[in-house]
Amino acid sequence: MSKRSKASNTDKAASAAPTISRSDLIRESLEGVGARPSRLLITLAGTVLGIASLVATIGFAQTAGGQIAQQFDALSATRVTVEPGKAKAAGGKERATARLPWDAVDRVAGLAGVEHAALYAKLDSVKNVTTVQVNDPSAASKAAPPVVAASPELLETVAGHIGAGRFFDAGHDERGDRVVVLGKNAAERLGVNRVTGQPAIFIEERAYTVIGILDKVGTRNTLLDSVIVPVNTARGELALSTVNSLDIRIAVGAGEVVARQAPIALDPNAPDAYKVSAPSSANALREGVEADVNVLFLAIGIVALIGGGIGIASVTLMSVTERRGEIGLRRALGARTRDIAGQFMIESVTTGVLGGLMGVVVGLFALIGVCLVQQWTPVLAPWAAPLGVAVGALVGLAAGSYPALKAARIEPVDALRDA
């Protein structure tokens, strides 16, 4: 007679005997879970680690995404740069397809999201910048600090700070005054450390009054090495014929709108002639960061959960082997195969739920601890904790299926003989 036939006959015999109620089955299962506390803790370790990784993953991804987005908001995410486009000309050389108009700042000032804008041009033709006009043919030639031209709005646009004196204003620019602002590195190089005595430097043998020293910028760090002159001064005195770029400081989240509208404001007939560099939207950036962090930590969590599931399955199989006598006795007293399978399934799912609850607590403490150390604001979706418990239960259910089926197939006669 086959084992399946024997099990069927045993179930028919058991159906005539008193059956185990559902409440008794649950009570016996819980007693079985708590009968060996030390083994239970070891079994829970893998599940706790996996659920903790899952909860911490969600929290770290959301928290880190917010922190990184804030950093980008403060710098790169608030900057748009418009430059003339370039195309290949005869001979393989590149040529500009457009020119930025001199009133470009006024044209984009009214666009939604634009806070400040400034023209910027580098004067590569200027080679001679000194603090004193000395004609000494025997003196070794030194490279002059770079000279750039900018409109008066540059200081606000690059989030700069003046360490001494002031930045030139619209009046200096309109009159074409011979004034300059030195970046702190350029000032050190030229030996200028104060502006109270109205020191002068010579650019192409013409004297310019130093009215300020720039000591900090949020963007365009090369300004700290440069001599900065007003745009109209450069046009009148230094033969500036065109500017390199229009720098725009924007409100957070306005990058896409400004990038689309600025070229139209500059030249409605040929907006495609300009090249625009704009940041990604804050949402896209945050979602990208969260996705990357999620992939990393979820992989760790899945590996830990697989280990936890294997641990539950191993301990449940061991429990089935150790309790063959108990299983045989229950079968002899009327327990059906589904009662035995149900008992071990409940034990396994209970272990998974306990692991899920403990894992959620560990994950929350880990998230809060890291946020306290880093002085971040912890962020966690409200569904993360219930999800962790549910995943723990699923792991217990999957891990306990095979041991429960194996326990249900044990014949009472064989079990009592082996006991």
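**A strand and its neighbours**

A: The structure holds one aromatic pair, the term being used for rings of Phe, Tyr and Trp (its six-membered ring) whose centres lie within 6.5 Å, with planes under 30 degrees apart called stacked, over 60 edge-to-face and the rest tilted. This is a predicted model, in which local features need pLDDT of at least 70 and side-chain atom pairs count only at pLDDT 80 or more, while totals for chains, interfaces and linings use all residues. Residues are numbered from 1 along each chain as its sequence is written, and side-chain values use heavy atoms, leaving out hydrogens and water.

The chain has 14 helices and 13 strands, taken as DSSP runs numbered from the N terminus (helices H or I, at least four residues; strands E, at least two). The part to examine is strand β11, residues 227-230. In a regular strand the side chains alternate between the two faces of the sheet.

Turning to the partners, β6 (residues 147-150) runs parallel to β11 and is joined to it by four bridges, where strands pair if DSSP finds at least two bridges between them. Within this pairing, A150 has P230 as its bridge partner. Strand β8 (residues 179-183) instead pairs with β11 in the antiparallel sense, over two bridges, and V181 stands opposite I228.

Key: Buried < 20%, exposed > 50% of the residue type's maximum accessible area, 1.4 Å probe, protein only.
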